[in-house]
Amino acid sequence: SNAGKTASSVNANPTRTALQQALASLEGADHGIAFSSGLGATTTLMHLVDPGQRVVLIADVYGGVYRMTSQVYEPKGYLFDYVPAAEFPNLRHHLDDNTRMVWIESPSNPLLNVVDIRAAADAAHDAGAILVVDNTFATPYLQQPLELGADVVVHSTTKYLGGHSDTVGGFIATNDPTIAERLYFLQKSLGAVPGPFDSWLVLRGIKTLAVRMRQHCDNAMQVALWLERRGNVERVLYPGLPSHPNHALAARQMRDFGGMVSFLAHSEEEALALVARTKLFKLAESLGGVESLIEVPARMTHASTATAPFAAPPNLVRLSVGIESVTDLIADLEHALVPAAGTA
Ligand SMILES: *Cc1c(COP(=O)(O)O)cnc(C)c1O
(Lines give C-alpha, C1' and ligand atoms only; values in the text may rest on other atoms or scores of the structure.)
Protein backbone atom coordinates (compact mmCIF):
# COMPACT_ATOMS: atom_id res chain seq x y z
CA SER A 1 0.00 0.00 0.00
CA ASN A 2 1.27 3.48 -0.78
CA ALA A 3 -1.36 5.16 1.42
CA GLY A 4 -0.23 8.57 2.48
CA LYS A 5 2.79 8.59 0.21
CA THR A 6 1.28 10.98 -2.29
CA ALA A 7 0.44 13.44 0.49
CA SER A 8 2.80 16.33 0.31
CA SER A 9 5.50 15.69 2.89
CA VAL A 10 5.55 19.43 3.60
CA ASN A 11 2.02 19.18 5.00
CA ALA A 12 2.27 15.72 6.52
CA ASN A 13 2.63 14.64 10.12
CA PRO A 14 4.28 11.26 10.80
CA THR A 15 1.57 10.01 13.23
CA ARG A 16 -1.18 11.05 10.80
CA THR A 17 0.66 9.32 7.94
CA ALA A 18 0.96 6.16 10.07
CA LEU A 19 -2.80 6.33 10.75
CA GLN A 20 -3.58 6.81 7.06
CA GLN A 21 -1.48 3.78 6.13
CA ALA A 22 -2.98 1.60 8.87
CA LEU A 23 -6.62 2.46 8.10
CA ALA A 24 -6.10 2.17 4.34
CA SER A 25 -4.67 -1.31 4.80
CA LEU A 26 -7.71 -2.32 6.91
CA GLU A 27 -10.00 -1.22 4.05
CA GLY A 28 -7.80 -2.90 1.43
CA ALA A 29 -7.18 0.55 -0.07
CA ASP A 30 -4.21 2.07 -1.88
CA HIS A 31 -4.96 5.51 -0.48
CA GLY A 32 -6.10 6.77 2.92
CA ILE A 33 -6.77 10.34 3.99
CA ALA A 34 -7.46 11.23 7.64
CA PHE A 35 -9.67 14.07 8.88
CA SER A 36 -10.52 15.87 12.10
CA SER A 37 -14.03 14.36 12.22
CA GLY A 38 -16.44 12.23 10.21
CA LEU A 39 -18.21 15.43 9.19
CA GLY A 40 -14.84 16.97 8.22
CA ALA A 41 -14.34 14.00 5.89
CA THR A 42 -17.90 14.45 4.58
CA THR A 43 -17.42 18.17 3.93
CA THR A 44 -14.25 17.40 2.00
CA LEU A 45 -16.00 14.72 -0.09
CA MET A 46 -18.78 17.17 -0.96
CA HIS A 47 -16.07 19.24 -2.67
CA LEU A 48 -15.89 16.51 -5.33
CA VAL A 49 -19.34 17.81 -6.37
CA ASP A 50 -20.11 21.16 -7.99
CA PRO A 51 -23.22 23.32 -7.49
CA GLY A 52 -25.93 22.16 -9.89
CA GLN A 53 -24.83 18.52 -9.69
CA ARG A 54 -26.88 15.85 -7.96
CA VAL A 55 -26.09 13.56 -5.05
CA VAL A 56 -28.43 10.66 -4.24
CA LEU A 57 -28.33 9.56 -0.59
CA ILE A 58 -29.93 6.77 1.36
CA ALA A 59 -32.93 8.35 3.07
CA ASP A 60 -32.08 7.42 6.66
CA VAL A 61 -28.65 8.98 6.36
CA TYR A 62 -26.82 10.06 9.55
CA GLY A 63 -28.55 13.16 10.94
CA GLY A 64 -25.39 15.28 10.83
CA VAL A 65 -24.88 14.49 7.14
CA TYR A 66 -28.51 15.43 6.44
CA ARG A 67 -28.05 18.69 8.36
CA MET A 68 -25.02 19.43 6.15
CA THR A 69 -26.69 18.57 2.83
CA SER A 70 -30.02 20.26 3.61
CA GLN A 71 -28.82 23.36 5.46
CA VAL A 72 -25.33 24.03 4.09
CA TYR A 73 -24.92 22.70 0.54
CA GLU A 74 -28.50 22.73 -0.76
CA PRO A 75 -28.83 26.52 -0.28
CA LYS A 76 -25.66 26.85 -2.43
CA GLY A 77 -27.33 25.08 -5.36
CA TYR A 78 -26.27 21.46 -4.85
CA LEU A 79 -29.04 18.95 -5.55
CA PHE A 80 -29.85 16.14 -3.13
CA ASP A 81 -32.34 13.31 -3.39
CA TYR A 82 -33.02 10.87 -0.59
CA VAL A 83 -33.97 7.34 -1.60
CA PRO A 84 -35.45 4.95 1.00
CA ALA A 85 -33.42 1.77 1.57
CA ALA A 86 -36.34 -0.39 0.40
CA GLU A 87 -36.23 1.45 -2.95
CA PHE A 88 -32.54 0.65 -3.61
CA PRO A 89 -33.26 -2.37 -5.83
CA ASN A 90 -34.67 0.30 -8.20
CA LEU A 91 -31.78 2.73 -7.65
CA ARG A 92 -31.20 3.09 -11.41
CA HIS A 93 -34.53 4.89 -11.80
CA HIS A 94 -33.37 7.56 -9.35
CA LEU A 95 -30.12 8.39 -11.17
CA ASP A 96 -29.63 10.68 -14.16
CA ASP A 97 -26.75 12.13 -16.22
CA ASN A 98 -26.38 14.88 -13.66
CA THR A 99 -25.86 12.50 -10.72
CA ARG A 100 -22.24 12.71 -9.57
CA MET A 101 -22.40 10.67 -6.37
CA VAL A 102 -24.47 8.00 -4.62
CA TRP A 103 -24.09 8.00 -0.83
CA ILE A 104 -25.09 5.05 1.31
CA GLU A 105 -24.74 3.73 4.82
CA SER A 106 -25.04 0.01 5.37
CA PRO A 107 -26.14 -0.82 7.99
CA SER A 108 -27.78 2.60 8.21
CA ASN A 109 -28.12 4.87 11.21
CA PRO A 110 -30.54 4.60 13.06
CA LEU A 111 -32.84 2.09 11.26
CA LEU A 112 -30.19 -0.58 10.54
CA ASN A 113 -31.24 -0.94 6.92
CA VAL A 114 -28.89 -2.99 4.78
CA VAL A 115 -28.17 -2.09 1.14
CA ASP A 116 -26.62 -4.35 -1.50
CA ILE A 117 -23.31 -2.52 -1.99
CA ARG A 118 -22.31 -4.34 -5.18
CA ALA A 119 -25.67 -3.64 -6.83
CA ALA A 120 -25.53 0.03 -5.75
CA ALA A 121 -21.99 0.32 -7.19
CA ASP A 122 -23.12 -1.18 -10.52
CA ALA A 123 -26.10 1.19 -10.75
CA ALA A 124 -23.98 4.21 -9.83
CA HIS A 125 -21.27 3.34 -12.35
CA ASP A 126 -23.80 2.77 -15.15
CA ALA A 127 -25.05 6.32 -14.50
CA GLY A 128 -21.51 7.73 -14.48
CA ALA A 129 -21.58 8.39 -10.73
CA ILE A 130 -19.31 7.24 -7.92
CA LEU A 131 -20.47 5.22 -4.91
CA VAL A 132 -19.53 6.46 -1.45
CA VAL A 133 -20.13 4.06 1.46
CA ASP A 134 -20.20 5.35 5.03
CA ASN A 135 -18.73 2.25 6.72
CA THR A 136 -18.85 3.66 10.26
CA PHE A 137 -21.33 1.07 11.61
CA ALA A 138 -19.73 -2.00 10.06
CA THR A 139 -16.03 -1.08 10.27
CA PRO A 140 -13.60 -2.81 7.89
CA TYR A 141 -13.58 -5.77 10.29
CA LEU A 142 -17.12 -6.65 9.22
CA GLN A 143 -17.27 -5.30 5.67
CA GLN A 144 -14.88 -3.93 3.03
CA PRO A 145 -16.95 -1.85 0.59
CA LEU A 146 -14.11 -1.21 -1.90
CA GLU A 147 -13.93 -4.94 -2.54
CA LEU A 148 -17.67 -4.85 -3.26
CA GLY A 149 -17.25 -2.14 -5.91
CA ALA A 150 -17.53 1.10 -3.93
CA ASP A 151 -15.27 3.96 -5.09
CA VAL A 152 -14.89 5.69 -1.74
CA VAL A 153 -15.28 4.59 1.89
CA VAL A 154 -15.84 7.19 4.58
CA HIS A 155 -15.64 6.74 8.37
CA SER A 156 -16.29 8.55 11.56
CA THR A 157 -13.28 7.17 13.47
CA THR A 158 -14.93 8.75 16.52
CA LYS A 159 -16.93 5.53 16.76
CA TYR A 160 -15.68 1.91 16.54
CA LEU A 161 -12.24 2.62 15.07
CA GLY A 162 -11.29 4.87 18.01
CA GLY A 163 -13.49 2.65 20.17
CA HIS A 164 -13.21 4.43 23.50
CA SER A 165 -15.35 7.59 23.08
CA ASP A 166 -12.30 9.75 23.76
CA THR A 167 -11.44 11.17 20.34
CA VAL A 168 -13.12 12.67 17.26
CA GLY A 169 -11.89 11.84 13.77
CA GLY A 170 -12.73 10.94 10.19
CA PHE A 171 -11.22 8.92 7.39
CA ILE A 172 -11.57 8.31 3.65
CA ALA A 173 -10.21 5.33 1.70
CA THR A 174 -10.12 4.87 -2.07
CA ASN A 175 -8.34 2.88 -4.78
CA ASP A 176 -9.03 5.54 -7.41
CA PRO A 177 -5.77 7.51 -7.95
CA THR A 178 -7.58 10.53 -9.43
CA ILE A 179 -9.99 10.80 -6.51
CA ALA A 180 -7.12 10.22 -4.06
CA GLU A 181 -4.98 12.96 -5.56
CA ARG A 182 -7.88 15.42 -5.39
CA LEU A 183 -8.65 14.42 -1.78
CA TYR A 184 -5.02 14.86 -0.67
CA PHE A 185 -5.14 18.31 -2.23
CA LEU A 186 -8.48 19.08 -0.54
CA GLN A 187 -7.24 17.73 2.82
CA LYS A 188 -4.40 20.22 2.83
CA SER A 189 -6.40 23.04 1.21
CA LEU A 190 -9.55 22.83 3.35
CA GLY A 191 -7.64 21.95 6.50
CA ALA A 192 -9.94 19.55 8.39
CA VAL A 193 -6.91 17.52 9.52
CA PRO A 194 -6.48 15.53 12.75
CA GLY A 195 -3.69 16.43 15.13
CA PRO A 196 -0.99 13.91 16.08
CA PHE A 197 -2.54 12.95 19.44
CA ASP A 198 -5.99 12.34 17.93
CA SER A 199 -4.29 10.27 15.22
CA TRP A 200 -2.47 8.31 17.92
CA LEU A 201 -5.71 7.64 19.83
CA VAL A 202 -7.25 6.06 16.72
CA LEU A 203 -4.06 4.04 16.08
CA ARG A 204 -4.30 2.80 19.67
CA GLY A 205 -7.99 1.95 19.13
CA ILE A 206 -7.54 -0.18 16.02
CA LYS A 207 -5.08 -2.49 17.80
CA THR A 208 -8.12 -3.99 19.59
CA LEU A 209 -10.66 -3.51 16.79
CA ALA A 210 -11.04 -7.22 16.02
CA VAL A 211 -11.58 -8.38 19.62
CA ARG A 212 -13.87 -5.44 20.40
CA MET A 213 -15.97 -6.05 17.29
CA ARG A 214 -16.35 -9.74 18.08
CA GLN A 215 -17.65 -8.87 21.56
CA HIS A 216 -19.90 -6.05 20.24
CA CYS A 217 -21.41 -8.48 17.72
CA ASP A 218 -21.90 -11.32 20.23
CA ASN A 219 -23.49 -9.01 22.81
CA ALA A 220 -25.69 -7.23 20.24
CA MET A 221 -26.97 -10.54 18.88
CA GLN A 222 -27.92 -11.74 22.35
CA VAL A 223 -29.54 -8.42 23.26
CA ALA A 224 -31.51 -8.40 19.98
CA LEU A 225 -32.70 -12.00 20.47
CA TRP A 226 -33.69 -11.24 24.07
CA LEU A 227 -35.56 -8.08 23.06
CA GLU A 228 -37.44 -9.92 20.34
CA ARG A 229 -38.40 -12.80 22.65
CA ARG A 230 -39.02 -11.09 25.97
CA GLY A 231 -38.58 -7.35 25.66
CA ASN A 232 -42.24 -6.32 25.22
CA VAL A 233 -41.33 -3.94 22.41
CA GLU A 234 -43.11 -3.38 19.11
CA ARG A 235 -40.27 -4.39 16.79
CA VAL A 236 -36.54 -5.07 16.96
CA LEU A 237 -34.27 -3.89 14.12
CA TYR A 238 -31.03 -5.87 13.87
CA PRO A 239 -29.56 -7.33 10.67
CA GLY A 240 -28.56 -10.49 12.58
CA LEU A 241 -32.19 -11.41 13.31
CA PRO A 242 -33.86 -13.74 10.79
CA SER A 243 -36.87 -11.36 11.03
CA HIS A 244 -34.79 -8.51 9.51
CA PRO A 245 -35.94 -7.93 5.89
CA ASN A 246 -32.32 -7.94 4.64
CA HIS A 247 -30.94 -10.65 6.93
CA ALA A 248 -29.80 -12.87 4.03
CA LEU A 249 -28.07 -9.95 2.27
CA ALA A 250 -26.38 -8.89 5.51
CA ALA A 251 -25.18 -12.48 6.09
CA ARG A 252 -23.68 -12.48 2.58
CA GLN A 253 -22.16 -9.01 2.67
CA MET A 254 -20.91 -8.81 6.26
CA ARG A 255 -18.72 -11.06 8.39
CA ASP A 256 -21.06 -10.50 11.37
CA PHE A 257 -23.90 -8.09 12.13
CA GLY A 258 -22.40 -5.32 14.24
CA GLY A 259 -22.99 -3.78 17.65
CA MET A 260 -25.94 -1.48 16.93
CA VAL A 261 -29.49 -2.55 17.78
CA SER A 262 -32.60 -0.39 17.38
CA PHE A 263 -36.12 -1.12 18.51
CA LEU A 264 -39.53 0.49 18.43
CA ALA A 265 -41.10 0.98 21.84
CA HIS A 266 -44.90 0.90 22.03
CA SER A 267 -45.00 4.72 22.23
CA GLU A 268 -42.80 7.80 22.32
CA GLU A 269 -43.59 8.23 26.04
CA GLU A 270 -42.47 4.70 26.74
CA ALA A 271 -39.26 5.22 24.71
CA LEU A 272 -38.41 8.38 26.67
CA ALA A 273 -39.24 6.74 30.00
CA LEU A 274 -37.22 3.59 29.45
CA VAL A 275 -34.04 5.33 28.26
CA ALA A 276 -34.14 7.25 31.55
CA ARG A 277 -34.37 3.98 33.54
CA THR A 278 -31.31 2.09 32.24
CA LYS A 279 -28.15 2.32 34.34
CA LEU A 280 -25.44 0.43 32.42
CA PHE A 281 -26.73 1.75 29.10
CA LYS A 282 -25.85 5.43 29.49
CA LEU A 283 -28.22 7.96 27.95
CA ALA A 284 -25.96 9.69 25.42
CA GLU A 285 -25.32 10.38 21.75
CA SER A 286 -22.41 8.85 19.84
CA LEU A 287 -21.74 5.12 19.55
CA GLY A 288 -19.10 2.49 18.99
CA GLY A 289 -17.28 2.79 22.33
CA VAL A 290 -16.63 -0.06 24.75
CA GLU A 291 -19.41 1.20 27.04
CA SER A 292 -23.07 0.72 26.13
CA LEU A 293 -25.15 3.75 25.20
CA ILE A 294 -28.90 4.27 24.70
CA GLU A 295 -30.75 7.12 23.02
CA VAL A 296 -33.91 8.27 21.24
CA PRO A 297 -32.71 9.33 17.75
CA ALA A 298 -35.72 11.57 16.99
CA ARG A 299 -34.87 13.69 20.04
CA MET A 300 -31.07 13.40 19.90
CA THR A 301 -28.74 12.25 17.09
CA HIS A 302 -31.37 12.65 14.36
CA ALA A 303 -33.25 15.72 15.60
CA SER A 304 -32.08 17.51 12.44
CA THR A 305 -34.20 15.13 10.32
CA ALA A 306 -37.38 15.98 12.28
CA THR A 307 -38.94 17.84 9.33
CA ALA A 308 -37.64 15.41 6.68
CA PRO A 309 -40.12 12.94 5.15
CA PHE A 310 -37.89 10.18 6.55
CA ALA A 311 -37.71 11.50 10.12
CA ALA A 312 -36.71 8.88 12.70
CA PRO A 313 -39.87 7.41 14.32
CA PRO A 314 -40.45 9.12 17.69
CA ASN A 315 -40.74 5.76 19.47
CA LEU A 316 -37.41 4.49 18.11
CA VAL A 317 -34.71 3.61 20.65
CA ARG A 318 -31.11 3.04 19.51
CA LEU A 319 -28.62 0.93 21.45
CA SER A 320 -24.87 1.00 21.01
CA VAL A 321 -24.15 -2.35 22.65
CA GLY A 322 -20.78 -2.28 24.41
CA ILE A 323 -18.43 -5.04 25.46
CA GLU A 324 -19.62 -5.42 29.08
CA SER A 325 -21.05 -8.69 30.44
CA VAL A 326 -24.11 -9.40 28.31
CA THR A 327 -25.90 -10.83 31.37
CA ASP A 328 -25.58 -7.43 33.05
CA LEU A 329 -26.70 -5.63 29.89
CA ILE A 330 -29.83 -7.76 29.53
CA ALA A 331 -30.63 -7.38 33.25
CA ASP A 332 -30.36 -3.60 32.80
CA LEU A 333 -32.81 -3.66 29.88
CA GLU A 334 -35.14 -6.04 31.72
CA HIS A 335 -35.27 -3.63 34.64
CA ALA A 336 -35.92 -0.67 32.32
CA LEU A 337 -38.66 -2.49 30.41
CA VAL A 338 -40.44 -4.01 33.42
CA PRO A 339 -42.81 -1.12 34.13
CA ALA A 340 -43.86 -1.19 30.50
CA ALA A 341 -44.55 -4.91 30.73
CA GLY A 342 -46.67 -4.31 33.83
CA THR A 343 -48.87 -1.76 32.08
CA ALA A 344 -49.24 -3.68 28.80
C1 LIG B 1 -21.04 9.95 13.86
C2 LIG B 1 -21.27 9.65 12.44
C3 LIG B 1 -20.83 10.52 11.44
C4 LIG B 1 -20.18 11.86 11.76
O5 LIG B 1 -18.96 11.70 12.38
P6 LIG B 1 -18.29 12.75 13.44
O7 LIG B 1 -16.96 12.12 13.68
O8 LIG B 1 -19.17 12.77 14.64
O9 LIG B 1 -18.21 14.06 12.76
C10 LIG B 1 -21.03 10.15 10.13
N11 LIG B 1 -21.64 8.99 9.81
C12 LIG B 1 -22.09 8.13 10.75
C13 LIG B 1 -22.77 6.87 10.32
C14 LIG B 1 -21.92 8.43 12.08
O15 LIG B 1 -22.38 7.58 13.01
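This is a predicted model: local features need pLDDT of at least 70, side-chain atom pairs count only at pLDDT 80 or more; totals for chains, interfaces and linings use all residues.
I started with a trio: Y66, Y82 and F310 make up one aromatic cluster. Rings of Phe, Tyr and Trp (its six-membered ring) pair when their centres lie within 6.5 Å; planes under 30 degrees apart count as stacked, over 60 as edge-to-face, and the rest as tilted.

Residues are numbered from 1 along each chain as its sequence is written, and side-chain values use heavy atoms, with hydrogens and water left out.

Next I looked up the aromatic pairs, and the structure has six. For Y66 and F310, the ring centres are 5.2 Å apart and the planes sit at 80°, so I logged the pair as edge-to-face. Y66 is in helix α3 (residues 63-73) and F310 in the loop between β11 (293-295) and β12 (316-320), so this pair ties together parts 244 residues apart in sequence. Helices (H or I, at least four residues) and strands (E, at least two) are DSSP runs, numbered from the N terminus.

Buried or exposed, I wondered, for Y66 and F310? Both are buried (under 20% relative accessible area; exposed is over 50%, partly exposed in between, with a 1.4 Å probe and protein chains only).

Then I checked Y238 and F257, an edge-to-face pair with 6.5 Å centre to centre and 70° between the planes. Y238 and F257 are buried too.

Last, I looked for charges over rings (NZ of Lys or CZ of Arg within 6 Å of the ring centre and within 35 degrees of the ring normal). I found the charged end of K159 over the ring of Y62, 5.2 Å from its centre. R255 lies over the face of Y141, 4.4 Å from the ring centre.
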